[in-house]
Amino acid sequence: MTKPKGMSTASATALVAASMIGAGVYTTSGFSLADLGSPWWVLLAWLIGGVIATCGALCYGALAERFTESGGEYLFLSRGVHPAAGMTAGWVSLLAGFTGAVAFAATTFEEYARDVQWALVNTLPPGSVAMGLVLIASVIHSFGLRGGTMFQNLVVLAKFTLIALFLLIAAWTVTSWDGLTSTPSSAPQVDERSTWEFALTFANALTWISLSYSGFNAAVYLASEVREPKTSVPRAMFWATVGVTILYLMLNAVFVLAPRADEVAGQPTVATLAAAAVGRQLGFEGGASLVGGVIRIAILCGLATSVSALVQTGPRVFSKMAQDGVLPRWIADSREDSGEDLPHCPIRAIWIQAFMSLVVIYSTNLRQQLDVLGLTLSVCAAFCGSLVFFLRRGPRPIKVRWYPIVPLIYVGGTMVIAVLTAIREPAQAAVAAGTLLIGVVVYCVGQALRRPDP
């Protein structure tokens, strides 16, 4: 019997999980703890983020049942609203959703790789490790869907095995966690701030956390390369998002409760600091090194798969845009996958994205990437999710489970967080607005210069 072509549901689920579990979960809780002042507020933020992301997965799943091609937000908004809206979403994907996210994950990979104190790594110039990871992932995925997917599935399996081992060790020491009784001395307590000030701070933390959940829609970017996409893509997104939400809550409970709060507040390497605290509580010499080694390898595997997943999915969007003529058509040029009846391997788009990611890595730092990415992606995702309200009628209506509660939670929650964050961080809001505006301008210029087909 001939083996079905394309990515299976299990591989699509692994792709979504790999896209989600990346840089954000290992960095944001330290910043959030410093701002919010209590580990319980941090965990509540992660729970709210998970609920919003799960509702988003249901909304995107309904859209994927209607639009079964690759392309994600670009495809949904181009077909459902107007090509200009699609171009804006595609531009956001180009700059923030993939290029910026690849740079963010790769930069975090380097932060943790240098924290391991490997002699070879620490002798390299700043940014070189992150750039090397991007180049390796680009080379792997240039050989086609099958090889890249096999590599990714193996590393995802290793990542989850190590995370499970870390959580089991942490559960063994739960009765002696230092963070259960401490608070970060540098952070103002909630009752020292007005309700409005705290709401703005909480929304900003949720913006960072939403970046960790943003990969819940990864399967829609290469839907046409998934077997039976009408059913497989929605299932992959929903179950991966639910599973990752549970995993995030368990991981962050360890990150903010196992060590002393003032030890991890404001620190980008919160995961390794928490692992060291868990290791010390095991009660034997070398425990901190043992647990720290486990979580470091898990983190590096997770970040590597995050970069890999983004390198695999992003170019499919750019290639689709090129096929539609909103980007130069030569970007859509491809090499057929050897032995597979699949649309294409977008080699040129892969390397364009790689080059842009290298530029971002070279020119920005981790905190700057985190602030800009979360707000920009939130606005675009909410706009896309709102389509389920407008496409419920007609010959092919879109139906979402538990309508209208689910889309209201996703769209409303995402927009409230974005607005509050924009009020607190007007500079980042200006960057996000500029990114969206440039997308519209690029579309208008492209239409003006576009030659009519003969």
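Mentor: Start with W41, which is partly exposed at a relative accessible area of 31% (buried is under 20%, exposed over 50%, partly exposed in between; 1.4 Å probe, protein chains only). The model is predicted: local features need pLDDT of at least 70, side-chain atom pairs 80 or more, while totals for chains, interfaces and linings use all residues. Numbering runs from 1 along each chain as its sequence is written, and side-chain values use heavy atoms, without hydrogens or water.

W41 lies in helix α3, which covers residues 39–66 (helices are DSSP H or I runs of at least four residues, numbered from the N terminus). The whole structure holds 14 aromatic pairs (Phe, Tyr or Trp six-membered ring centres within 6.5 Å; planes under 30 degrees apart are stacked, over 60 edge-to-face, the rest tilted). W41 and F202 form an edge-to-face pair, because their centres are 6.0 Å apart and their planes meet at 75°. F202 sits in helix α9 (residues 195–213), so the pair ties together parts 161 residues apart in sequence. F202 is buried, at 12%.

Now the helix partner. The axes of α3 and α10 (residues 229–257) come within 9 Å and cross at roughly 175° (lines fitted to C-alpha atoms over the stretch in contact; angles of 0 to 180 degrees between N-to-C directions). The two helices are therefore roughly antiparallel (over 145 degrees). Their contact has 21 nonpolar, six polar and two charged residues.

T54 is in α3. T54 is buried, at 17%. Leaving out residues up to four places away in sequence, T54 touches F238, T241, V242 and T245 (heavy atoms within 4.5 Å).

Definitions and conventions
Angles under 35 degrees count as roughly parallel, over 145 as roughly antiparallel, 65 to 115 as roughly perpendicular and the rest as oblique. Ala, Val, Leu, Ile, Met, Phe, Trp, Tyr, Cys and Pro count as nonpolar, Asp, Glu, Lys and Arg as charged, and the others, Gly among them, as polar.
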